Amino acid sequence: MKRITAWRRRPWAGYAVVLAALAAIGVIYAGFSPQTDRAEAENTAQAAQDLKNGQELFNKNCASCHGLNAEGTKDAKGKPIAPSLLGVGAASVDFQVSTGRMPAMNPGAQMPRKKPIPAFDTELKTDYAEPEKREAAEKQKAQAEKNLADLRAFVTSLGGGPEVPSAAATDPSKGDVAVGGKLFRTNCAQCHSFVGSGGALTGGKYAPPLDKSDVTPTQIYEAMLTGPQAMPVFNDTTLTQQDKQAIIAYVVQTREEPNPGGNGLGRIGPVSEGLVGWLIGIGLLVLAATWITAKKPKKLKKS
Amino acid sequence: MSEAATAPKAVEGPLTFLDDRLGSTTFFKRNMKKVFPDHWSFMLGEIALYSFIILLLTGTFLTLWFKPSMIEVVYDGSYTKLNGVKMSEAYASTLNISFDVRGGLLMRQIHHWAAILFMASIMAHMLRVFFTGAYRKPRELNWLIGVGMFTMGMLEGLFGYSLPDDLLSGTGLRITQGVAESIPLVGSYIYMFLFGGEFPGQDIVPRLFTLHILLIPGVLLGMITAHMMIMWHQKHTAMPVKKQTETQVQGYPFYPVFMAKTGAYFLFTFGVLALLGTFAQINPIWLFGPYDPGAISSASQPDFYMGVLEGSLRIMPNWEISAWGHTLSLNVLIPALGPLGIIFTGAAVWPFIEQWVTGDKRLHHVNDRPRNAPVRTSVGMAAVAFYGILWVAGANDVLAERFHVSLFATTWFFRVAVFVGPVLAYIITKRICLGLQRKDAGIIGHGVESGVIVMSPDGEYSERHEPAREQERTVILSKENSRPEPPAVDANGVPAPGSKGPLGHVRSRLNRAWTFDDIPIEEHGHDEEHGEVENGREPKQLNH
């Protein structure tokens, strides 16, 4: 200790401490820096590559209508063919592509839901018995998910926009069903019908059914958030996140609910009921009447 | 009527018992053996009768739990998806019947299906009566009672549909309010009187409940009784079969045959309703949700018998006349009153118009075959087309959604079809009727093809025709060939009775339209009058 105390008093001590500190920092920096540097570089490279993949997918599948810079296109008369995608956000891309509506087959009043193209088919069947077949399918599915994510990232990079909702925000078991039913009847039923069996709109457009095979909770959320096609946008000030979750809870729990009264007859109200009444009710009774009148007594007792 | 003088032994005992006390045996004795003609289509009206009985029974069950009250309550029951939701007591008690009362949902569903079958069978029965001409003298009054019951049934159904106060029934009431308000001058007074204040108010459900369970069923019960007693008194009409004439009924006695048949048919009706009530869900009000004037659903339809009104409303252009601070809402008034007015008024006056046009004042107990009264059948089909198109138009959004057509396209299609359809139906039906008449004339004139090819001595091949079977001939020959009226003005310039004045002129014109293309069907030798059969459009009349 005495020696250190002595050295502290030397004129060069200050410089020595500064040097030592610099050296230590240098050593510590050298110890960590190369690694982070490499990781960051790798990340950036990967992101760039993903973005590149997203752009390639965009150019291949979307640019022909939406334009190379996603600025939208118009026909010769100035009528829009496809809208601009600047600022539509990841949620919109995810909804349109994962439901197969985009890339569109042909322009019409409304893009129908269909099986997504193989490059984006995230619902791919993977439950094959043969391991190699399953592995191939799983790989393809993973690629599709990555493709979709890349495309989302690319479109977001052009102008931002709403993000894909988290799994927790769309969990149908967490919403308030009673509130959801009320909100659904006030905001959704006029087009989608009281339990979401779908309905017709003007000009050949329609509100699609909300059955299990039609739409996932995430897609319902994205549709409310982005207002695809004829649907209005229900942003977070119109319907808060809890409201959206409540609506999802109502739709999902109602469509999973069995019909206590027998066959649901499509859950489309009195039209199918009248049809059943005439065809089955009157039909069966006419058969019974024919049968009864065809029965002749063998002989009438004289009395 | 073939009536036996004595009753069967099995009823003799009870009848003596009754006779000793009431002195009514002769009445029962006569009526136990009353003969009823047999045809499947005669059972259609019975579906309505038996549905009505089941409606009374299930309806009574429902009144034990239903609370006709618009007081707001917060639901807390077995249907957890609506827990904590504010609703009227009427809706809450209907949920209670559906989910908490034992057998309640089944009863509700049977009640609703019975209402559907009640109206459907009335329609089917009325069509049968119309197309066979069974409304002709002396049965015009019973026809009028039938039209009245159909109207009452519609009201009864509308009121019952409105009771649970769910989203669909509330929408129906909203339309009812609009219709009431559209009536010129007194509209808003009628609306305020009916609802006891602003829509929806607290009064409408209790009021409709009283009408639904007391007044209209009572009126219907009275009308049904009158309908049945008149039918019993006048005897049922019969199809033109062998041994059936205007003065003699061919059929089976009430006891034991017809009683067994009709009893079995009650059980069939009950069975079909129980099957439907068990396996087919109807009016799931828990899916519709409680009524809220701010909410509406697509595919909001009434029950099928109100569909014609819904369709008229949907295809009506938005016409309004505003003058002197008042608005005349033709867009609601015309669809609400026009089509049903045409159908019901037309149905009610038709028997009298037909009588006036044909000049046929005789009693009829044997039915016409539809083909033998082509104008009547064609007018009937035109009415069916008119009603049917409006009916389908009421489901236009469901059609557009299910069959992927544009909603606007369906609206415009129905707007055109409602005028073109009846005309087409008239023309096509008339042609079919005349074609069938011609075929009948061919069968009587030439016989039926036997499938035997014979060669004449000259070497000519021909198919041998054989006379039709007796039964078939009786049916075909039941046709009454039309007799042309005497000319409106005879050789001396004296107008024929009934053709005087402009009204008489219209009558002769209509009479000619009714009869001019009738194809006479007569039994005569094969050789003579060959051209008559083939060339049936000429209004020639055989006079032998």
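Let me start at Trp113(B). Leaving out residues up to four places away in sequence, Trp113(B) touches Leu265(A), Glu273(A), Val276(A) and Gly277(A) in chain A, and Leu273(B), Leu276(B), Gly277(B), Ala280(B), Gln281(B) and Ile282(B) in chain B. Keep in mind that this is a predicted model.

Now the core around that residue. The largest nonpolar core has 130 residues, and Trp113(B) and Tyr265(B) are the ones that touch the most other members. Helix H5 of chain B, residues 104-131, gives this core its largest share, 17 residues. There is also a second, separate core of 13 residues, with Phe58(A), Cys62(A), Ala70(A) and Phe154(A) among them.

Next, the surface. Which residues make the nonpolar patch of about 730 Å²? From chain A they are Leu275(A), Leu279(A), Ile280(A), Leu284(A) and Leu287(A); from chain B, Leu275(B) and Phe279(B). H10(A) has the largest share, 5 residues.

Take Phe279(B), which lies in helix H10 of chain B. Is Phe279(B) buried or exposed? Its relative accessible area is 56%, and exposed means over 50%, so Phe279(B) counts as exposed.

Last, helix H12 of chain B, residues 307-315. Here the buried residues are Gly307(B), Val308(B), Glu310(B), Gly311(B), Ser312(B) and Ile315(B). What covers them? The cover includes four helices of chain B: H7 (167-182), H13 (330-358), H14 (374-393) and H16 (407-446).

Note on methods
Residues are numbered from 1 along each chain as its sequence is written. Chains are lettered from A and ligands numbered from 1 in the order in which they are written. This is a predicted model: local features need pLDDT of at least 70, side-chain atom pairs count only at pLDDT 80 or more; totals for chains, interfaces and linings use all residues. Side-chain values use heavy atoms; hydrogens and water are left out. A nonpolar core is a set of buried Ala, Val, Leu, Ile, Met, Phe, Trp, Tyr and Cys residues joined through side-chain atoms within 4.5 Å. Buried means under 20% relative accessible area, exposed over 50%, partly exposed in between (1.4 Å probe, protein chains only). Helices (H or I, at least four residues) and strands (E, at least two) are DSSP runs, numbered from the N terminus. Contact means heavy atoms within 4.5 Å. Patches are made of residues with over 30% relative accessible area and no salt bridge: like charges are joined within 9 Å, nonpolar side chains (Val, Leu, Ile, Met, Phe, Trp, Tyr) within 5 Å. Accessible areas come from the Shrake-Rupley method with a 1.4 Å probe; for residues, only the protein chains shown count as cover. A salt bridge is a side-chain nitrogen of Lys or Arg within 4 Å of a carboxyl oxygen of Asp or Glu.
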